[in-house]
Protein chains: 2
Amino acid sequence: MKSTSRDIRIRNCFSVLRHLIADYPTSRQYLARETDLSVATVSNLVSDLIELGVVVEVGLERSGGGRPRALLAPNAGSGALIGIDVASTYVKFEAYDLTLTVLCRIEEHVDLSEDMPEQLLDHIATGMAAVREHLGGRPILGIGVSLPGQVDVAGGISVFAPNWNWHDVAFKRLLTERLELDVPVYLDNSLKTVTAGELWFGDGRGVDRLAVVLLGTGVGVGLAFGGDLYRGASNSAGEWGHATVDPDGPRCRCGRNGCIEAYVGAPAILRRWGELAGRPVEEQAQEKAMETLAQAWKAGEDSAVRTVEAIARDLAVGVANLVNIVNPELVVLTGWVTGVLGEALLPELERHLPERVLNAALKALRVKLDEQSRNMVILGAAALALEGHLNLINTVGSRSRP
Amino acid sequence: MKSTSRDIRIRNCFSVLRHLIADYPTSRQYLARETDLSVATVSNLVSDLIELGVVVEVGLERSGGGRPRALLAPNAGSGALIGIDVASTYVKFEAYDLTLTVLCRIEEHVDLSEDMPEQLLDHIATGMAAVREHLGGRPILGIGVSLPGQVDVAGGISVFAPNWNWHDVAFKRLLTERLELDVPVYLDNSLKTVTAGELWFGDGRGVDRLAVVLLGTGVGVGLAFGGDLYRGASNSAGEWGHATVDPDGPRCRCGRNGCIEAYVGAPAILRRWGELAGRPVEEQAQEKAMETLAQAWKAGEDSAVRTVEAIARDLAVGVANLVNIVNPELVVLTGWVTGVLGEALLPELERHLPERVLNAALKALRVKLDEQSRNMVILGAAALALEGHLNLINTVGSRSRP
């Protein structure tokens, strides 16, 4: 509950850098306007960021008659940020410079049978070797890792990963030892990394109360308030996928009945389509089956249209519960199911929300699809590494300007 | 999204004063320990609070060998805070000094037919005249008013009060004009005031992620994060009473089906008891009927026991949804139904929660009954007035210590 001026400094520094990354080159004056901070405060923060090597001056801008203003940009020549997405069937890597340009992209295929921490670590080691190769001598500022399931951020522990049946695996320590890393590693789950991605580089920038609804094989929500990721008491906030829609509803893979995930998770969508179409849908290759559904919907095929309608109606109940409790100003739909089916789902979802959301909350709400041009889970993992790096700012600042 | 050092100063000032009110007389050193702030920071804040007339030095404490430490207390001799709870059948007033001692308590009976703003204002004027009489010449620092329904805090407007069918009533302006007030008035709804009460004077003190579940004729939730009331984008966060438990469930008075309020609001509880007992329950006098139910439960009467079991099971679904999304460390049950039936409901609720809450969130969670020794709605309304008064601290501080 303690608040310090350091917290504020870091938070304002995040805000300045988010705007700078979104729109550079630009001036201190422009950043002050965008962040609602004074020019003096922005100038102070920018000095810190320049000292840390995160921001550089790249030229001068003529202003109307007055002194030319210095133009700022993220330092493309500084160290790299690494984002890693560890899942049941792949490990994906991306390296970025501070302008968020992708320096390299690596993917390791993982067999479903490889469920031991050592096996995943092997893949990470192989992938990281390739990343380092690409980077040449460029230093690494930090590594963000997205893991499935429940993560203890402070301890760097995978508390529970249902897909591998992991319990209390000290993954950060194992990773650091296995790769002999001397750079900071930040662990979290994909709900949190994707939300960090939206906050830093997506639609969440500048949004005070944000909910990111992740639709995939599993479903969940990432929350952010005042520009900060909201983790809850045990980093398990946003387990909306297991909020109940109907206590007597269908069985969920978590063992409970009537969870929202049992209605709108990818397997449930495909099962529903199978029922309405009167033929089984191949669930093994669910990405492909989902694309077929999207095409059938586009072609106006009756069972596909009715499937989308039914799923959107159930999704509306879950999203409405979220909105009635949290009253966000923006809900972003993301995840691979959104990528494939979002265009079909959104209008139906918006049609049903007013039936379930109170007026005042509805008036304050926007719902939109993530633009999906970047991989937000990986980019967000890198954002956590960037946040960690920016936490060095205060020590640098206090050393140099007493 | 802007954060300023003023925000922090005010937040830390709230924290110091909350601890001081809870446990005085005490020293700057003790407050520093309790708030996790430095002694220097606490001393600065205490100087501001003394200057504002909110805190006084009341003596010296001998410490082990060192210099005696000054003992601090809230200034019982300063101005009064007024809390007002405006409802369909009453207007209740309490005046407090800054130690939260009740200086006077007034209640005005309101007829259900009196549903015009002017009629409520008449009752407030009468009650406030009695309050002023009691206070003698003591000045008033601020007045907090709890209204039913949706409130626009910044505008001081009752956006929607379903019980009176009010829409966009500029209640704060009307009140200020009618009473010719020259003190600040703070308007909010009872979900928010009761939560402010818990934060300042109740179980919420020092809790980082708090949910206050209000069980009454209507039901709802107040949320607070980092010691601050969480209002959401349009001050309608916590409308948990209208989150859906079952889309095909019973009709709610909001016009939707299957809202949690349609299961666990007072009328629903009494209706259920009537069904299980096989005889109608008098809903007109629901407070009395609820007490009869509580007595029947205590006596082990079968229909009463089964009613409590059924209500607790439904309540568990709603509370679990809240906990899975928000992951609070404390849920406090409050409201008049909790006062009457909480002792019966809590053990059953705790029995059902593990069926619906994810493990990590469950481990981090405590659920408890509000102690109900104070009227938290009114006390919380007064807390909003106190918060408003403390916002003067910065101007005082910056004037006097350049």
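In this predicted model, Glu287(A), Met290(A), Glu291(A), Leu293(A), Ala294(A) and Trp297(A) of helix H9(A) are in contact with Trp336(A), Val337(A), Val340(A), Leu341(A) and Ala344(A) of helix H11(A), a contact being two residues whose C-beta atoms, placed from the backbone, lie within 7 Å. By class, this contact has 9 nonpolar, no polar and 2 charged residues, where Ala, Val, Leu, Ile, Met, Phe, Trp, Tyr, Cys and Pro count as nonpolar, Asp, Glu, Lys and Arg as charged, and the others, Gly among them, as polar. Helices (H or I, at least four residues) and strands (E, at least two) are DSSP runs numbered from the N terminus.

Chain A can be laid on chain B with an RMSD of 0.1 Å by a turn of 180 degrees and a shift of 0.0 Å along the axis, and the two copies are thus related as by a two-fold rotation axis; the superposition is by least squares on the C-alpha atoms of residues with pLDDT of at least 70 in both. Of the residues of chain A, Asp246(A) comes closest to this axis, with its C-alpha at 2.4 Å.

Between the chains, 51 residues of chain A are in contact with 51 residues of chain B, and the largest share of chain A's side, 7 residues, comes from H10(A).

Residues are numbered from 1 along each chain as its sequence is written, while chains are lettered from A and ligands numbered from 1 in the order in which they are written. Because the model is predicted, local features need pLDDT of at least 70 and side-chain atom pairs count only at pLDDT 80 or more, whereas totals for chains, interfaces and linings use all residues.
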